[in-house]
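Reader: Walk me through the backbone and packing features here, one at a time.

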Amino acid sequence: MNKNNNDTETTKNLIKASIAVVFASSLGIAINNFHIGEEDTTTKVFAERLETFKRHVISSHWQWRVRQPTTMIMLIHYDDSGSEMNRTPVRMNHNGWPTADMSDAGCEKIWSSIVASPLRVDGFKVHARYYAELETNEDNYWCRFSLSRGTYFDYYPASGSVTTLED
């Protein structure tokens, strides 16, 4: 009689385990099929700042071309409605592109004068890093602006070129 009870208990436990596995599998499949991924708002805002950066680099260059030869311009920043928000001085190189000291602090200065906002995007810090080739002169360096998760873009002051967003 005891063996019959053990077989019955084993069968019941096996059925319970099978039901749990089927339920967990069904739940996993349902979550995978019905989950709608959330958009990465930080990267989206960073991409918008990149577009602002590009526009203001070009705007600075054309303003320099009108006033050349000068080493500084006053960049006027507007909001979406066309009202003036503020003005920032921008140091220009001999080619007419925004520049600063060849250092991390210089890259931070480029960001703050071009974008007219602190090095923050959606509450996250934007890292401004200075990179240079072996020869250190004004034509051989660039600034990398990146988020901590790895998304970045580069700015080359010698030519005014700005790369696309990279991961």
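Author: Most residues other than glycine have a negative phi. Just after α3, A116 takes a positive phi of about 60°. Helices here are DSSP runs of H or I with at least four residues, strands are runs of E with at least two, and both are numbered from the N terminus. This is a predicted model: local features need pLDDT of at least 70, side-chain atom pairs count only at pLDDT 80 or more, and totals for chains, interfaces and linings use all residues. Residues are numbered from 1 along each chain as its sequence is written, and side-chain values use heavy atoms, with hydrogens and water left out.

Reader: Where is A116 found?

Author: A116 sits in the loop between α3 and β3 (120-121). D122 also has a positive phi, about 55°, although it is not a glycine. D122 is in the loop between β3 and β4 (124-125).

Reader: Is D122 buried, partly exposed or exposed?

Author: Buried means under 20% relative accessible area, exposed over 50%, partly exposed in between (1.4 Å probe, protein chains only). At 40%, D122 counts as partly exposed.

Reader: What span should helix α3 have?

Author: The expected span is 1.5 Å times one less than the number of residues. For the 12 residues of α3 (residues 104-115) that gives 16 Å, and the end C-alpha atoms are 16 Å apart, which agrees.

Reader: Which residues of α3 are buried?

Author: They are G106, C107, I110, W111, S113, I114 and V115. Their packing partners include α2 (41-67), β1 (72-78) and β7 (152-156).

Reader: At what angle do α2 and α3 pack?

Author: Axes are lines fitted to C-alpha atoms, for helices over the stretch in contact, and angles run from 0 to 180 degrees between N-to-C directions. α2 and α3 pack at about 85°, with axes 9 Å apart. That makes α2 roughly perpendicular to α3 (65 to 115 degrees). With contact meaning heavy atoms within 4.5 Å, F46, R49, F53, H56, V57 and S60 in α2 meet I110, W111, I114 and V115 in α3.

Reader: How many aromatic pairs are there?

Author: Rings of Phe, Tyr and Trp (its six-membered ring) pair if their centres lie within 6.5 Å; planes under 30 degrees apart are stacked, over 60 edge-to-face, the rest tilted. The count comes to 11 aromatic pairs. W111 and F153 have ring centres 6.4 Å apart and planes at 35°, so the pair is tilted. W111 lies in helix α3 and F153 in strand β7, so the pair ties together parts that are 42 residues apart in sequence. F153 is buried at 0% relative accessibility.

Terms used
Parallel < 35°, antiparallel > 145°, perpendicular 65-115°, else oblique.
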